[in-house]
Amino acid sequence: APSRFGYLRTPLPDDASPAAQADAHACLLNALGIQQVSVLGASAGAPSSVQFALRHPQRIRALVLLVPAIYVPRPNAAPSVPTPPGVQWLFDHVLRSDLLLWIAIKLAPGPLIGSILATPPGLLAAASADERDRVQRMLELTLPVSRRRLGLLNEAQVMASLARYELEKIAAPTLTISTADDRFGTYDAAQYTASQIAGARFAGYSTGGHLLVGRQNEVMTEIAAWLTRP
């Protein structure tokens with residue numbers, strides 16, 4: 001599985017913009033001999049997925065944007081992607097150290113789930129054992145954070161400077177999905193993006209957070225139906 005710029009063994013180039021990432025996706029397809037794909041862009045993967053649809057329209061069959069961290073116009077020029085309380089402190093301290101993050105995951109997973117995973121921790125109390133295990137795995141997969149820090153820094157820069165893309169030029173059938181209680185505010189972004197793309201569908205849920213807790217089966221069914229429709 002490929003990692004985006006700055007994550008694990010993928011270096012961070014001078015130009016690590018979503019547009020450059022989209023071109024890298026196209027280069028990967030060329031290397032693999034794949035002409036056309038359906039693209040699912042989740043969270044901070046959404047900007048490069050939208051750029052792929054704009055820059056390489058002949059390569060994309062369908063576009064799915066899942067809890068997309070992407071531009072949405074907000075009152076008083078507020079950021080498109082709000083930062084949950086505690087994220088900056090964790091980034092400055094805990095997310096600098098594999099050991100500190102490992103300790104936090106073991107001793108205080110709730111605050112991490114609510115901040116860096118932008119999901120209300122209370123949702124887990126009513127979730128199934130499988131869902132709780134999935135969220136725990138998501139936390140553990142942030143390790144080693146030391147080999148992801150450059151990617152996180154780059155994404156923070158991208159999120160702080162999001163601009164509107166020419167969504168009306170996207171021709172690929174598009175589905176956007178989010179939850180109203182996602183602490184990254186992606187519900188508004190998903191709804192806005194779908195409204196700007198001809199024929200796009202928006203699927204919104206009242207709860208689930210950024211990790212779609214308790215919504216996994218519904219969301220997978222929604223995506224499968226979209227990708228296999230006539």
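Q: Is serine 49 buried or exposed, and why?

A: First, keep in mind that this is a predicted model. Burial is read from relative accessibility, with under 20% counting as buried. Serine 49 has 5%, so serine 49 is buried. You will find serine 49 in helix α2, residues 46-55.

Q: What lies 2.8 Å from a polar atom of the serine 49 side chain?

A: That is the backbone oxygen of glycine 45.

Q: Which residues does serine 49 contact, beyond its neighbours within four places in sequence?

A: Serine 49 contacts Val39, Leu40, Gly41, Leu63 and Leu65.

Q: Which residues touch the most other members of the largest nonpolar core?

A: In this core of 21 residues, they are Val39, Val50, Phe52, Ile60, Leu63, Leu167 and Ile170. Two or more residues each come from α1, β1, α2, β2 and α8. Helix α2 contributes the most, with 4 residues. Another core, of 19 residues, lies apart from this one and includes Leu90, Leu117, Leu123 and Val213.

Q: Now for the surface: which residues make the nonpolar patch of about 520 Å²?

A: The patch is formed by Leu99, Leu100, Trp102, Ile103 and Leu107. Leucine 99 sits in helix α4, residues 98-107. Its relative accessibility is 54%, so leucine 99 counts as exposed.

Key
Residues numbered from 1 in each chain as written. Predicted model: local features only at pLDDT ≥ 70, side-chain atom pairs only at ≥ 80, totals over all residues. Heavy atoms only, no water. Buried < 20%, exposed > 50% of the residue type's maximum accessible area, 1.4 Å probe, protein only. Polar contact = N/O pair within 3.5 Å; in protein donor to acceptor, adjacent residues only side chain to side chain. Contact = heavy atoms within 4.5 Å. Core = buried A, V, L, I, M, F, W, Y, C linked by side-chain atoms within 4.5 Å. Patch = residues over 30% accessible without salt bridge, like charges linked within 9 Å, V, L, I, M, F, W, Y side chains within 5 Å. Areas by Shrake-Rupley, 256 points an atom, 1.4 Å probe, with all protein chains shown as cover. Salt bridge = Lys/Arg side-chain N within 4 Å of Asp/Glu carboxyl O.
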